[in-house]
Amino acid sequence: MLCSQNLELKRELKQLIITECDKEEFTPEAIKDDEPLFGSDSPLQLDSMDALQISMALKEKYGVEVTDSKKIRTIMTSINTLADFIQPQ
C-alpha cells in the first residue's frame, strides 16, 4: 500500500505546509492530494524558500533529510508524492 492512501499522514503534511509556509488562508481540506505544490499553476504557489522550510520541518518531525534540490522538487510535487516519500510502504 502506498502511503498516498494514508489520509491522516496527508492531513498532517498539509497542516505542516500551511504552518511552515505561513499559508494560513488555506485549510488542509482546501489542498488537493494530487495538485502541484509549486509554481504558478499551484494554488499554494510555494517557492524555494518554502521548500527549505518544509524540508527542515520534515527532518524535525519525521527524521527524513533531503539535501538535493532536484530531489526535493520531485518529492514535493504533490501531497501524494510527499506522503509516499515519508512512508513508502
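Predicted model: local features only at pLDDT ≥ 70, side-chain atom pairs only at ≥ 80, totals over all residues.
Visitor: Which element supplies the largest share of the lining of the largest pocket?

Guide: Let's begin with the residues closest to the centre of this pocket, which are Ala51, Leu52, Ser55, Val66 and Ile72. Two helices, α2 (48-62) and α3 (69-75), each give at least two residues to the lining. The largest share is 6 residues, and the element that supplies them is α2.

Visitor: How many residues of the lining are nonpolar, polar and charged?

Guide: The lining of the largest pocket is made of 13 residues. Sorted by kind, they are 6 nonpolar, 4 polar and 3 charged.

Visitor: Which element gives the largest share of the largest nonpolar core?

Guide: That core has 25 residues, and among those with the most contacts inside it are Leu13, Ile17 and Leu37. At least two of its residues come from each of α1, α2, α3 and α4 (79-86). The largest share is 5 residues, and it comes from α1.

Visitor: What does Leu37 touch, leaving out residues up to four places away in sequence?

Guide: Leu37 is one of the core residues with the most contacts inside the core. Its partners, with those close neighbours in sequence not counted, are Ile17, Ile31, Ser42, Leu44, Gln45, Leu46, Met76, Thr77, Ser78 and Ile79.

Visitor: Which helices do the buried residues of α1 pack against?

Guide: Buried means under 20% relative accessible area. In α1, the buried residues are Leu9, Lys10, Leu13, Lys14, Leu16, Ile17 and Ile18. They pack against α2 and α4.

Visitor: Is Asp22 buried or exposed?

Guide: Asp22 sits in the loop between α1 (7-20) and α2, and its phi is positive, near 55 degrees. Most residues other than glycine have a negative phi. The relative accessible area of Asp22 is 60%, so Asp22 is exposed.

Visitor: What is the relative accessible area of Gln45?

Guide: Gln45 is found in the loop between α1 and α2. Its phi, near 50 degrees, is positive too. Gln45 is partly exposed, with a relative accessible area of 48%.

Conventions. Residues numbered from 1 in each chain as written. Heavy atoms only, no water. 1 Å grid on protein atoms, 1.4 Å probe; cavity = no way out; pocket = protein on both sides within 12 Å on 5 of 7 lines; lining within 4 Å. Helix = DSSP H or I, 4+ residues; strand = E, 2+ residues; numbered from the N terminus. Nonpolar A, V, L, I, M, F, W, Y, C, P; charged D, E, K, R; others polar. Buried < 20%, exposed > 50% of the residue type's maximum accessible area, 1.4 Å probe, protein only. Core = buried A, V, L, I, M, F, W, Y, C linked by side-chain atoms within 4.5 Å. Contact = heavy atoms within 4.5 Å.
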